[in-house]
Structure formats: structure tokens, C-alpha cells
Amino acid sequence: GSTEATFNLHFLPSELNGATEGDLDVFDKHVAGSIVDDHGRSNYNALNHWVGLVNLELGYVASSSGFGVKYFTLGNSILGNNHIWDTLAMSTDWTNAANWQGGVPDDSADYVTIPARAAFYPILPVASVTIGFMNIQPGGELTGGTGDTLILHGSSNAWENFGTFNAGTSTVIFTNAAATMTDPTNFYNVTIADGANVTLGTGLFMGIAGTLSLSSTGVLNGDAHSNTVEFNGSSAQTIPSGSRAHYNSLVFSGTGGKTNSGTIYLSGDFENNCSGSVIAGNFVWSLENFEFDKEDIKGTYPTIFNNLTVNSNIGLSLSGSVNNTVTDTLAFTSGTITTNANRLIIGSACNAGTVVGAGAGKYVYGNLRRYVPDASAPTVVYNIGDSANYTPVTVAFAGTTAGCGYLDVSTAVSQPS
């Protein structure tokens, strides 16, 4: 490992030359290239008049190439709470002050920038790191290690990733009631702390390979803009649901099973590309004001919903290559379901399922399968129509049905085989 230096630079008040004693940082100037770095400060003593800096790599302070390579001095901070990873960083060590302009970030108000074209890029330390804001610039890179934690206290644009975030098995925690994040990022764990509210920006992609936790009172606000949350883990994942988890578009992928034990609210597309087991639970599609095409239920694997509610001003479309099932209740509040070449299945063997709220502008357009209950003279209604008209079909059985069978109906005319 490297040898790290700790030093305190003393001064006389008469030597300040107009600088403000309480605002002093440690600077150095690289003679080659005339580069000036503000390294911030780690300690300050007003009584004895010194400013200290810790964890500065010794090879950075005293270069092996000889004297006159760098000059150290004190001056008024030019960064405030800004901490910029130095493109001349000598290692990936987050805790090494020589790798930062503005000093090592460790405060809930700190604004951290990771620029491009650095010799080395930072790796989060094992201990948790507390900052305000993270900005990874185009070409910049940040790596999370094993079990590292990054705590963000910032509000608007608390997380901005224009570059690369290698999540590892790290956890990013949002704590602000007005936190927002922009730009695509694949995370491992994300925690929205109690009292925090995270709003996802337009066009954002949030990938979750581990766990998305809403704590006890945290809120995910994903349906205010067009964006996508994807659960893509290789191990089992529980999907946050209920009144504190609102999604625009939602994707299940990866080999790990996905479980929803509540009700998922979304206003965009749902895509199931998960090769593991999926317990979809209940889904509610709600109104959306920033898209005009039907919302898609798609993917390479079929989805079995317990209950599905359509309350969409633009309706739903089965646009994937598989059929989808609602085992219990399909409820219409607003909008139609267009099946295209696929089929919507209501119920399951020996379970007829239920359809409520169907009528004009609220029906299935395309191919519908309903299971027939084993009963005496049952009646099954097929709530179908075409692109403009609601034309339901009612099938009344005269005798007692048995065998847990089903009947298919279609809006399109087809010739019996």
C-alpha cells in the first residue's frame, strides 16, 4: 500500500495578505503545466493558526523526481463545497486528499464531480461516504466495491450520471424529501430513507440488480415523467409496491425470480423478460399525460396477474409475443385492451375469473379466452369489441358443465379449422 502523509501548515496572521483565516484551504502548484489544485482542508486551528490535511500520499507531497516539482501554500477556498476528482490522481483511493481538488468529500452539503480523462478513477471506500450531490461527467467513472454505501443528502439532481457507475454490490441511499435523479444508471442496492422522496427524471433508466428499499416512509415518484425502472437481478427480488411506489415503465429481467405481494401502480409499459419465476400480484394502470400511444404489456415471457385494473386514457396493448393472464379480476375504469395477435386469458382451470366495469370504451379488442365454471347452466360474458364499438358476447349453457374447460372468442372473423 501507499504511505500517507498528515501535515499542518502554520501561518502568522500578518502573513494572510488579504486572505480570510476561516476560509483557508491547502493549495499546490504543479510547476510543469502551471496546474493549481485546491485540496481543501481536513483540520483548522484558529488559536494556533494552522490548516491541516490528512491522507495525502507521500509520493504526491515529495516526488521522487526531485525538488521544485510542486509548491504548497494556503489561500481562500475556490471550491466551497465543490470536490472535484483530480484528473492527475495517483490512485483510485477515495480517501487520499491528493486525488481531490477541494479535499476529500465527507459532508452532507458536498458537491462531488468525477470528470473524464483521469489517470485513475475513484473506488468507494469500505466505510460509508456521506455527500450532498454526485455528478459523474461524460467519460467519468465511479466504482462501488463490496458492500460500500454512498449516502446522498442532496435535493434536485442529487444523482447525475453522464458517465459510468460500476455498482459492484454497493448501496446508494437518498435522504432528501425533494431528491431527484437523472440519466441512466445500473445500481445494485438503492434505499430511499424514511422521509425521503425520489423523483425520476425524463428519459431516466434505473436498473436494480439487488434491492430497492423504500424503508418505512420513503417514496419513489416515477410516474411524473417518462422513464423506466428495471429489476434485472440474478437473485430473487421483491418489487416495492403500494401507495409509496409509483412507476412509469417497469421491466422484469434477469434470472432471479420477481415477487410482488401488493399492488403495483404504473402509467407506462410493462415488460417481462425474466427467465425466473414471476409472481406478478396486482397491477393498476393509471392515467398519463405525456404519451399518446397505448401502453404496452410485452416481453419474452407470459405474465400471470392476480388482478388487473385499466384506468388509462390511452388504453393497453399486448404487444409482445406471448399471451397474458388475469386469474381473478379484470377491472375497467377507463380504456380498452388491444390484444393484437396475442390472447388475453381470464381465470384459470376451474376458476372462471371476473370482469367488472366493462362497457363502451372499456373492453377487450381482439382475442379473449374465458374459463367456464363447473356449474349448473352457467353464463359466461365475453366483454369484447372492435376499434370503435363494444359488442359483448354472452354464452349461456343449458346443462351442467364439467371438465374445467374454456372458450375463445375473437373480434376478428376467423374460419374454423
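Let's start with a pair of charged side chains: Asp 408 and Arg 369 meet in a salt bridge, with 2.7 Å from N to O. Asp 408 belongs to strand β45 and Arg 369 to strand β41 (residues 367-371), so this pair ties together parts that are 39 residues apart in sequence. Keep in mind as you look around that this is a predicted model.

Asp 408 has another partner to show you. It also forms a salt bridge with Arg 343, where the closest N and O atoms are 3.6 Å apart. Strand β45 (residues 406-410) holds Asp 408, while Arg 343 sits in the loop between β37 (337-338) and β38 (344-346), so here the parts being tied together are 65 residues apart in sequence.

Arg 343, at 23%, counts as partly exposed. Asp 408 is partly exposed too, with a relative accessible area of 37%.

How many salt bridges does a search of the whole structure find? The count is 3. Asp 269 lies in the loop between β29 (263-266) and β30 (270-272), and Lys 298 is in strand β33 (residues 295-299), so the bridge links parts that are 29 residues apart in sequence. Asp 269 counts as buried at 18% relative accessibility, and Lys 298 counts as partly exposed at 26%.

Now let's go to the nonpolar parts. The largest nonpolar core has 70 residues, and the ones touching the most other members are Met 134, Trp 159, Phe 174, Tyr 247, Leu 250, Leu 308 and Leu 330. Pick Trp 159 and see what surrounds it. Leaving out residues up to four places away in sequence, Trp 159 touches a whole list of residues, including Met 134, Ile 136, Leu 150, Phe 165, Phe 174, Met 181 and Phe 187. Apart from this core lies another one, of 11 residues, with Leu 24, Leu 53, Tyr 60 and Ala 98 among them.

Next, find a sheet. Strands of a sheet pair through backbone hydrogen bonds, either parallel or antiparallel. Three strands here form an open sheet in the order β3-β2-β6, with antiparallel pairing. β3 (35-38) and β6 (70-76) stand at the edges with a single partner strand each, so one side of each has no neighbour in the sheet. From one strand to the next, the twist averages 25°. Strand β2 (residues 24-30) is joined to β6 by 7 bridges. If you want to spot a bridge pair, look for Lys 29 and its partner in β6, Tyr 71.

Loops deserve a visit as well. Ser 91 is in the loop between β7 (82-85) and β8 (100-101), and at 15% relative accessibility it counts as buried. What does its side chain meet? A polar atom of the Ser 91 side chain lies 3.2 Å from the backbone nitrogen of Asp 93, and the side chain also makes a polar contact with the side chain of Asn 99 at 3.1 Å. Among the residues Ser 91 touches, setting aside those up to four places away in sequence, is Trp 85.

Trp 85 turns up again around Pro 122, being one of its contacts beyond four places in sequence, along with Thr 92, Trp 94 and Glu 141, among others. Pro 122 lies in the loop between β9 (111-114) and β10 (129-131), and is buried, with a relative accessible area of 0%.

Finally, take a look at some backbone angles. Most residues other than glycine have a negative phi, and most peptide bonds are trans. Asp 183, however, has a positive phi near 75°. It lies in the loop between β17 (179-182) and β18 (185-187) and counts as buried at 18% relative accessibility. Ala 377 has a positive phi too, of about 50°. Its place is in the loop between β41 and β42 (379-382), and at 38% relative accessibility Ala 377 counts as partly exposed.

Note on methods:
Residues are numbered from 1 along each chain as its sequence is written. This is a predicted model: local features need pLDDT of at least 70, side-chain atom pairs count only at pLDDT 80 or more; totals for chains, interfaces and linings use all residues. Side-chain values use heavy atoms; hydrogens and water are left out. A nonpolar core is a set of buried Ala, Val, Leu, Ile, Met, Phe, Trp, Tyr and Cys residues joined through side-chain atoms within 4.5 Å. Buried means under 20% relative accessible area, exposed over 50%, partly exposed in between (1.4 Å probe, protein chains only). Contact means heavy atoms within 4.5 Å. A salt bridge is a side-chain nitrogen of Lys or Arg within 4 Å of a carboxyl oxygen of Asp or Glu. Helices (H or I, at least four residues) and strands (E, at least two) are DSSP runs, numbered from the N terminus. Two strands pair if DSSP finds at least two bridges between them. Axes are lines fitted to C-alpha atoms, for helices over the stretch in contact, and angles run from 0 to 180 degrees between N-to-C directions. A polar contact is a pair of N or O atoms within 3.5 Å; within protein, one must be able to donate a hydrogen and the other to accept it, and residues adjacent in sequence count only if both atoms are side-chain atoms.
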